[in-house]
Amino acid sequence: MFSSSIIANNISVTLQGNPVLQHVSFELTPNEHLAIVGPSGSGKTTLAKVLAGQLFAKGSIEINYNNDSSLLHKVQLIEQRYQFKNLSNVSDFYYQQRFNSFDAADALTVMQELQQVALHHLNAEAKIKEWLQQLGMYHRKDAPIIQLSSGEHKRFQLIKGLLAPPQILILDMPFVGLDKGARRQLNHIINNIAANGTQLIIITDAHEVPDCITHIAYLEQGKLEEFEAKESFDQDGITHHQTHYYNLEEAPLAENESEFEHAVLMKNATVSYGDKTILHNINWQVKRGEKWLLRGHNGAGKSTLLSLINGDNPQAYKNEIYLFDKRRGSGESIWDIKQKAGYVSPELHAFFDKGTTCYNAVASGFFDTIGLFKKLTGQQQMLVQQWLDFLQLSAVQDKPLSTLSSGTQRLVLLARALVKNPPLLILDEPCQGLDDDQKDSFVQLVNDLCERLDKTLIYVSHYENEIPPCIDHVLELNGGKQKLYSVEKQMEAFLQPL
């Protein structure tokens, strides 16, 4: 089946005076599919936006559609996270809104939004049902969009794009945030999309290239360093960067002395919204110094469980939950709770103020706010600067988050979590958006911090190679119910599909 063709000629993009893409040229003929790979900040997403007509660039893009195809004559970009609007048609959401049952209703449900997309298509209801079932989302059809987990958001975006398939589909990091089974299923779906005539351009990790891909473009520092047929592409040849491992002796650690026996103690914790129970009678204790892996399917309840700990879910107050040996609701403020925990999650990243500077984003970690609203002390100013230097972020400290790559934004939020040297680290998929070198160095840093400073850790990841070796306990959620593993079974568990 013939598809369209794409010719990119001498594409260059400059943002805020900085070259992001430099003289990128390539050609895709019909039935060729492209994977764009490269380190964080190399210009991959910028190139995708140029190809989709969302960003001005010097040079030219020529799209030749197949006039005999029934697919839409368009280029559609599915971004890393879906930007949606509330019932008043504005993007006026706040970070904790997902966990507040009344405010969460200020968003369309999954089914309602998909019905709007497929309004003028034949057999719309049948197509929606088919895609919801294929991507394991049918049980979430009546959920408000804001209540979806990050992995469910990813699958929801794909369904929206596939209800009216275009001739050219660009997917920006489609596998990120998906559990192992969902990644395997998505790979199968992507191959079927290509077989049905849609030309694919996928920004992905070099280790996760679907079978249908015929060519690979390797970007580095905005330049197209390689453009090869997939079978000719030398993946080992691009991993020539020496990973920078952080020296913990140089880490700018603030003083933080907290005495406690249990960082977390839950007794029969249950979370429900209407007739939907998200967590069922969770009994869990995290003792001081323990390192826990929290795992489970997308939508299994991991983020909801963490929201009970970090103070974002009001239902914590109707459950018997102890944090740092004090029962929730016994007089402590939400800020007292957050002060002892450093937190990173895909949701925090999504709702963080992208207009704030990197410096202010890191500094906000002292106050656990999404933005800086208080004056720093001299000691705090010094620590912020030292963390920016330590994580090699000082060159971008005055730039807004929105101008940086997703990976660099995530590093900034990691610095925010570490700046106050909290006794508990809650790291929910912290490596999303990081390239291989950044992942390796960050995982090593987390491992060193937890082992040598006896920190308590709750860690979430769908990837085995992102898990710090210090993990000694595993909690798995399945349908909101718990299952405990010994550490010896951790890797065995990872080898099994969720």
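This is a predicted model: local features need pLDDT of at least 70, side-chain atom pairs count only at pLDDT 80 or more; totals for chains, interfaces and linings use all residues.

Reader: OK. At what angle do α3 and α5 pack?

Author: About 25°, with the axes 9 Å apart. That makes α3 roughly parallel to α5. Angles under 35 degrees count as roughly parallel, over 145 as roughly antiparallel, 65 to 115 as roughly perpendicular and the rest as oblique. Axes are lines fitted to C-alpha atoms, for helices over the stretch in contact, and angles run from 0 to 180 degrees between N-to-C directions. Helices (H or I, at least four residues) and strands (E, at least two) are DSSP runs, numbered from the N terminus.

Reader: Which residues meet there?

Author: From α3, V110, E113, L114 and V117; from α5, F156, I159, K160 and L163. Contact means heavy atoms within 4.5 Å. By class, this contact has 6 nonpolar, no polar and 2 charged residues. Ala, Val, Leu, Ile, Met, Phe, Trp, Tyr, Cys and Pro count as nonpolar, Asp, Glu, Lys and Arg as charged, and the others, Gly among them, as polar.

Reader: Switch to α4. At what angle does α3 cross it?

Author: Roughly 130°, and the axes of α3 and α4 come within 10 Å. The two are therefore oblique to each other. V110, M111, L114 and Q115 of α3 touch E125, I128 and L132 of α4. That contact divides into 5 nonpolar, 1 polar and 1 charged.

Reader: And how far apart are the axes of α4 and α5?

Author: 10 Å, at an angle of about 145°. K127, I128, W131 and L132 of α4 meet I159, L162 and L163 of α5.

Reader: New topic. How many cavities of 30 Å³ or more are there?

Author: The structure holds 2. A cavity is a set of points on a 1 Å grid over the protein atoms alone where a 1.4 Å probe fits but cannot get out, and lining residues have an atom within 4 Å of a point. Grid points are joined across faces, edges and corners, and a volume is the space filled by probe spheres set on the points.

Reader: What lines the second largest cavity?

Author: I78, E79, K154, L158, L171, D172 and P174. Its volume is about 30 Å³. α5 and β6 each supply at least two residues of that lining. By class, the lining has 4 nonpolar, no polar and 3 charged residues.

How values were computed: Residues are numbered from 1 along each chain as its sequence is written. Side-chain values use heavy atoms; hydrogens and water are left out. On a 1 Å grid over the protein atoms alone, a cavity is a set of points where a 1.4 Å probe fits but cannot get out, and a pocket is an open set with protein on both sides within 12 Å along at least five of seven lines; lining residues have an atom within 4 Å of a point.
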